[in-house]
Amino acid sequence: MVDLITQYQAISKEIKIEFDSILESGAFINGPAVSQFEQILSEYLEVKHVIGCANGTDALQIALMALNFDPGDEIITTNFTFAATVEVIYLLGLKPILVDIDPNTFNIDLTKIKEHLTDKTKAIMPVHLFGRVCQMDKITDLAKEHDLVIIEDNAQSIGARYNHPRLGQKAAGTLGEFGTTSFFPAKNLGAYGDGGALFTNDDSLARQARTIANHGMSRRYYHDYIGVNSRLDTFQAAVLKIKLNHLDTYIQKRRESAIEYGNLLNDIPEIILPNFPKQDEEHVWHQYTIRILNGKRDQLGQHLKLSGIPYGIYYPIPLHKQKAYMSEEFSDEQFPITNTFSKQVLSLPMHSELTNQQIKFITDSIREFFLRK
Ligand SMILES: *Cc1c(COP(=O)(O)O)cnc(C)c1O
């Protein structure tokens, strides 16, 4: 699905120099690379504060902790996301309100949010899924109107930009109180291990988040809050510092691959291709996810497997059907799109090293499957 080795080979010299200097310095925890990376990422995103942490799940949890919600407060989010998004809501004793998705974008259906608002609704947590930014103007309007906080789960869309009609072009993850991301190796900006970060333009929330990520200590051994231990590792920060310089090129490569896939698959009637947004910069193609009609998804998967082609199913089970989260409050009727899509989606290999030759091989194999049927 990704080719981290080829990508590494292109930057190996830079990486080795950075790693060597960390090894020689012994500054393994909070070494200079961490604040350097936070600084250059904040410039890249044009956001005031970037706070590194141990992974994308912690970033979400720290954001929620910093916002000081009360137990039972309701957080609106999508039913079609990686479980981390709702896991942290439950862990903090908050209540996730799951909403179905928009069939055109795979993102939360903005027309369905209003019907879920109660006097306990405190926040909305949009997830920019597969690299595509949610319609943030509608979300910022809604938040303003109903006094909601926005936490953007930007684990899959770092580097995407959104053209907000009033605020201008903004990086995904910088339009709410908090944005969070993950540097899991397979993400668009991936480290060589775990990593994550939070973004905010609010000085006091930034201070709070930084303190919480460090055991709630504002000064050493003075604990003001119950916090966590969540640091961005120095070696990972060094990798990210180097890779951030290449992120726009990586994204451009993904865009070209998405166009190529579209060109080669657009005449197969049983495949629904992902939509391109009106503005290129609003999609960074973390995944290229097609939908297979007529119940043939798993058969196609089997066929690809036999041809040695990797694929992913993101996500096979909607959250409301997961054993861990099942509840009487969720019923199948609330989630027709998520239910249907979870049986249809199939993500094809997508990464910055993908060649047109590989795309041809993959799409030929898909074509062969549908011709044979
Ligand atoms: C990857 C991911 C996370 C979690 O990130 P980790 O670094 O693996 O903890 C959270 N939300 C979404 C949407 C993700 O894709």
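# Reading helix contacts, salt bridges and backbone angles

Guide: This structure holds 16 salt bridges. The model is a predicted one.

Visitor: Which salt bridge does K95 make, and with what N to O distance?

Guide: The side chain of K95 meets that of E329 in a salt bridge, with 3.0 Å from N to O. K95 belongs to strand β3 (residues 95-99), while E329 sits in the loop between α9 (297-306) and α10 (336-344), so the pair ties together parts that are 234 residues apart in sequence.

Visitor: Is K95 buried, partly exposed or exposed?

Guide: The relative accessibility of K95 is 28%, so K95 counts as partly exposed.

Visitor: Which residues are linked with K95 in a network of salt bridges?

Guide: The network links K95 with E74 and E329.

Visitor: How far apart in helix α11 are D364 and K360?

Guide: They are four residues apart in helix α11 (residues 356-372), which means a separation of about one helical turn. D364 has a relative accessible area of 35% and is partly exposed. K360, at 43% relative accessibility, also counts as partly exposed.

Visitor: What are the closest N and O atoms of D109 and K112 apart by?

Guide: They are 4.0 Å apart, and the two residues form a salt bridge. D109 counts as buried because its relative accessibility is 11%, and buried means under 20%. K112 has 22% relative accessibility and counts as partly exposed.

Visitor: How are two packed helices described?

Guide: Two numbers are used: the angle between their axes and the distance between the axes. Take helix α3 (residues 56-66) and helix α6 (residues 203-213): their axes come within 9 Å and cross at roughly 120 degrees. The two helices are therefore oblique to each other. The crossing in which α3 passes α6 is right-handed.

Visitor: Which residues of α3 and α6 meet?

Guide: On the α3 side they are I62, M65 and A66, and on the α6 side L205, Q208, A209, I212 and A213. The residues of this contact divide into seven nonpolar, one polar and no charged.

Visitor: At what angle do the axes of α3 and helix α4 cross?

Guide: The axes of α3 and helix α4 (residues 84-91) cross at roughly 40 degrees and come within 9 Å. That angle makes α3 oblique to α4. Here too there is a right-handed crossing, with α3 passing α4. From α3, the residues T57, L60, Q61 and L64 meet A84, T85, E87, V88, I89 and L91 of α4. This contact of α3 with α4 has six nonpolar residues, three polar and one charged.

Visitor: Now the backbone. Which residues does a cis peptide bond join?

Guide: The cis peptide bond joins Y314 and Y315, with omega at about 5 degrees. Y315 is placed in the loop between α9 and α10.

Visitor: What is the phi of N30?

Guide: N30 has a positive phi of about 50 degrees, although N30 is not a glycine. Its place is in the loop between α1 (4-25) and α2 (32-45). With a relative accessible area of 53%, N30 is exposed.

Visitor: And where is Y221 found?

Guide: Y221 is in the loop between β10 (217-219) and β11 (222-223). Its phi is near 70 degrees, a positive value in a residue other than glycine. Y221 is exposed, with a relative accessible area of 62%.

Terms used
Residues numbered from 1 in each chain as written. Predicted model: local features only at pLDDT ≥ 70, side-chain atom pairs only at ≥ 80, totals over all residues. Heavy atoms only, no water. Axes fitted to C-alpha atoms, helices over the stretch in contact; angles between N-to-C directions. Parallel < 35°, antiparallel > 145°, perpendicular 65-115°, else oblique. Left-handed = near helix turned anticlockwise from the far one by under 90°. Contact = heavy atoms within 4.5 Å. Nonpolar A, V, L, I, M, F, W, Y, C, P; charged D, E, K, R; others polar. Buried < 20%, exposed > 50% of the residue type's maximum accessible area, 1.4 Å probe, protein only.
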